[in-house]
Amino acid sequence: MYSNQRQMQTAFLVPINGKLKCFLFEDILFISAKDKYCEFVTIDQKKWLVRIAISQVDKQLPENLFVRVHRSHIISLHKIDWLECDVVTIGAHKLDVSKDGYEAITERVLILCPEFDKKLKDEMKGLSPEDYVKRVKRRKRRFE
C-alpha cells in the first residue's frame, strides 16, 4: 500500500531555513550529494541545499519517476535528454553514471533499439572498474 501511495504523490516537502519548501516532482531535474547535504536542482535552474543524506532521499522518492544513477546523483527519468554508458545529459548538465546506474535507467525506460543498448552494455562489460572510472574522469575533463 505505501509504495503505491508514494507513486500517486506529486510533490515532497523539505526543510529549508526553518520552513518546509514544497517541490513538485515535475520541477526537479536532479539531486546531487554535497557532503552531508543534497542539492536539489529545478527546471528554472535554481539550486536548493538541504541537510539530508542522498540515501534517505533515494528511499523516499517514487521509483517510476526518479533513479539513482551514481552514488552522488538521483535524476528525474522524465528529464533525460541523452544517455551514454557513463554520462547522462539533462539540459546543460552532464552527470556521471555508474554501471549500476545505467542498468537502473534502462530497466525503467523503454529502449526502442535493443541492439544499441546491447552494444553499450557489452562496451561496459569489457571494462574493469578501474578502467571505467578512468573513462568517466577523462570524459569529465572534456566537458569542463
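Six aromatic pairs are counted in this predicted model, where rings of Phe, Tyr and Trp (its six-membered ring) pair if their centres lie within 6.5 Å, and planes under 30 degrees apart count as stacked, over 60 as edge-to-face and the rest as tilted. One of them joins Phe23 and Trp48 in an edge-to-face arrangement, with 6.0 Å from centre to centre and 80° between the planes. Because Phe23 belongs to strand β2 (residues 19–24) and Trp48 to strand β5, this pair ties together parts that are 25 residues apart in sequence. Helices (H or I, at least four residues) and strands (E, at least two) are DSSP runs, numbered from the N terminus. One aromatic cluster is formed by Phe12, Phe23, Phe25, Phe40, Trp48 and Phe66.

Phe23 is also approached by a charge: Lys21 lies over the face of its ring, at 5.6 Å from the ring centre. The criterion requires NZ of Lys or CZ of Arg to be within 6 Å of the ring centre and within 35 degrees of the ring normal.

The model is predicted, so local features need pLDDT of at least 70 and side-chain atom pairs count only at pLDDT 80 or more, while totals for chains, interfaces and linings use all residues. Residues are numbered from 1 along each chain as its sequence is written, and side-chain values use heavy atoms, with hydrogens and water left out.

The protein chain has five helices and ten strands. Of its 144 residues, 39% count as buried; buried means under 20% relative accessible area, exposed over 50%, and partly exposed in between (1.4 Å probe, protein chains only). With contact defined as heavy atoms within 4.5 Å, residues 24 or more positions apart account for 38% of the contacts in the chain with a separation of 6 or more.

The table lists the accessibility of residues discussed in this report.

| Residue | Relative accessible area | Class |
|---|---|---|
| Phe23 | 3% | buried |
| Trp48 | 24% | partly exposed |
| Glu39 | 15% | buried |
| Lys34 | 39% | partly exposed |
| Asn17 | 74% | exposed |
| Gln45 | 45% | partly exposed |
| His93 | 16% | buried |
| Cys22 | 44% | partly exposed |
| Cys85 | 2% | buried |

Strand β4 (residues 37–42) pairs with β5 (residues 47–50) in the antiparallel sense over four bridges; two strands pair if DSSP finds at least two bridges between them. Across this pairing, Glu39 stands opposite Leu49 in β5. Four residues separate the two strands of the hairpin, and Gln45 lies in this loop between β4 and β5.

Glu39 has a further partner, since its side chain meets that of Lys34 in a salt bridge with an N to O distance of 3.9 Å. The rule asks for a side-chain nitrogen of Lys or Arg within 4 Å of a carboxyl oxygen of Asp or Glu, and the count by this rule comes to one salt bridge. Side chains of opposite charge can pair when their charged atoms come close.

Two residues stand out in backbone geometry. Most residues other than glycine have a negative phi, and most peptide bonds are trans. Gln45 has a positive phi near 70°, and Asn17 has a positive phi near 50°. Asn17 is found in the loop between β1 (11–16) and β2, and is exposed.

A further group of strands forms an open sheet of three, in the order β8-β9-β10, with antiparallel pairing. β8 (82–83) and β10 (93–96) stand at the edges with a single partner strand each, so one side of each is left without a neighbour in the sheet. β8 pairs with strand β9 (residues 87–90) in the antiparallel sense over two bridges, and Trp82 stands opposite Thr89 in β9.

His93 lies in strand β10 and is buried. Not counting residues up to four places away in sequence, His93 touches Leu29, Phe30, Val41, Gln45 and Val88.

Finally, a search of the whole structure finds zero disulfides, a disulfide being a pair of cysteine sulfur atoms within 2.5 Å. Cys22 is partly exposed, while Cys85 is buried.
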